[in-house]
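Open your viewer and keep the sequence panel at hand. We will go from stop to stop, selecting a few residues each time.

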Amino acid sequence: MKIGFIGLGIMGKPMSKNLLKAGYELTVMDRNQEAVGELVTAGAVSAATPKDVAAQSDIVITMLPNSPHVKEVVLGASGIIEGAKQGTIVIDMSSIAPLVSREVGAQLAEKGVAFLDAPVSGGEPKAIDGTLSVMVGGNQAIFDKCYPVMKAMAGSVVLTGDIGAGNVTKLANQIIVAINIAAMSEALVLASKAGVEPELVYKAIRGGLAGSTVLEAKAPLVMDRKFDPGFRINLHIKDLNNVLETSHEMGVPLPLTAAVMEMMQALRVDGMGDADHGSLIRYYEKLAHVEVKR
């Protein structure tokens, strides 16, 4: 089976490397030629346009920043839709608006091309070790056919409904992650300001009901003052923007999400948009005039 992969960024590059490790033939494309060269060295071949990638592939995977980029790459000039054949499958693993996923899927279907929306969670570390969580929307038979390909990059691959359901699930995921980071930040800033060692608080609560994957992943990094991006604040803002747009369209108020969104916006204004979303703690540290560290 020949796979195409478009989008070799912080997530896409390690994901595509895991496909090579699994033995798939891989054609790649990205504007960053250094990333393309790295994949070619690892065994992939390169293509100049999304159309060319599709023409050489049975399955085309996209991993792009946001909805407009996906529409351009899939439906635009020299896009995937121009090179795809009847029976080609497109898997969009980007995190985009669910309504855009449905629009893209509908236009591909008119040409006999199947589509899955399959956003991921886990950040760069899980992209590297191939243990991402993948949330998929689409047809059961297409999902079953593509499952081994997605599983080569992931620890968990779950079909959550029809096209668009994958990105609805990802929006729910991003709500929970954002609010968890905010809650962790409030708690550790309070502890530090009160003169209690944050590491001891972390060790005391991690095994109880307050324990979470977010706490395990982010608290040690925060206390070590490591804010290199695993998942950038700018990208989480993008996701929360999609959350709020979708919620407004559906008439679902999300007051906690809106509050965290404004905190992240404040950090971006302060020049921290490219820092890890664990940097949300800096918002609280600035208010309380305290630093959380070991």
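Does Glu82 count as buried, partly exposed or exposed, and why? Glu82 counts as partly exposed because its relative accessibility is 41%; the class runs between buried, under 20% relative accessible area, and exposed, over 50%, with a 1.4 Å probe and protein chains only.

Before moving on, a word on what you are viewing. This is a predicted model, in which local features need pLDDT of at least 70 and side-chain atom pairs count only at pLDDT 80 or more, while totals for chains, interfaces and linings use all residues. Residues are numbered from 1 along each chain as its sequence is written, and side-chain values use heavy atoms, leaving out hydrogens and water.

**Stop 1: around Glu82**

Keep Glu82 selected and show helix H5, residues 80-83, where it lies (helices are DSSP runs of H or I with at least four residues, strands are E runs of at least two, numbered from the N terminus). A polar atom of the Glu82 side chain lies 3.2 Å from the backbone nitrogen of Ser78.

**Stop 2: Ser67**

Next, select Ser67 in helix H4, residues 67-75. Ser67 counts as buried because its relative accessibility is 9%. Its side chain reaches the backbone nitrogen of Ala97 at 3.1 Å. Beyond neighbours within four places in sequence, Ser67 is in contact with Ile96, Ala97, Val100 and Asn242.

**Stop 3: two annotated spans**

Colour residues 2-161, which an unreviewed UniProt entry annotates as "domain: 6-phosphogluconate dehydrogenase NADP-binding". This span is 44% helix and 25% strand, with its end C-alpha atoms 26 Å apart. Then colour residues 164-284, given in UniProt (unreviewed entry) as "domain: 3-hydroxyisobutyrate dehydrogenase-like NAD-binding". Here the chain is 71% helix and 0% strand, and the end C-alpha atoms are 35 Å apart. Such annotations may be inferred rather than shown by experiment.

**Stop 4: a pocket**

Finally, which residues line the second largest pocket? Select Pro98, Val168, Leu171, Ala172, Ile175, Val243, Thr246, Ser247, Met250, Val252 and Leu254. Helix H9 (165-193) and helix H12 (233-250) are the elements giving two or more residues to this lining. The lining divides into nine nonpolar, two polar and no charged residues. The volume of the second largest pocket is about 160 Å³. On a 1 Å grid over the protein atoms alone, a pocket is an open set of points where a 1.4 Å probe fits, with protein on both sides within 12 Å along at least five of seven lines; lining residues have an atom within 4 Å of a point.

Methods: Grid points are joined across faces, edges and corners, and a volume is the space filled by probe spheres set on the points. Ala, Val, Leu, Ile, Met, Phe, Trp, Tyr, Cys and Pro count as nonpolar, Asp, Glu, Lys and Arg as charged, and the others, Gly among them, as polar. A polar contact is a pair of N or O atoms within 3.5 Å; within protein, one must be able to donate a hydrogen and the other to accept it, and residues adjacent in sequence count only if both atoms are side-chain atoms. Contact means heavy atoms within 4.5 Å.
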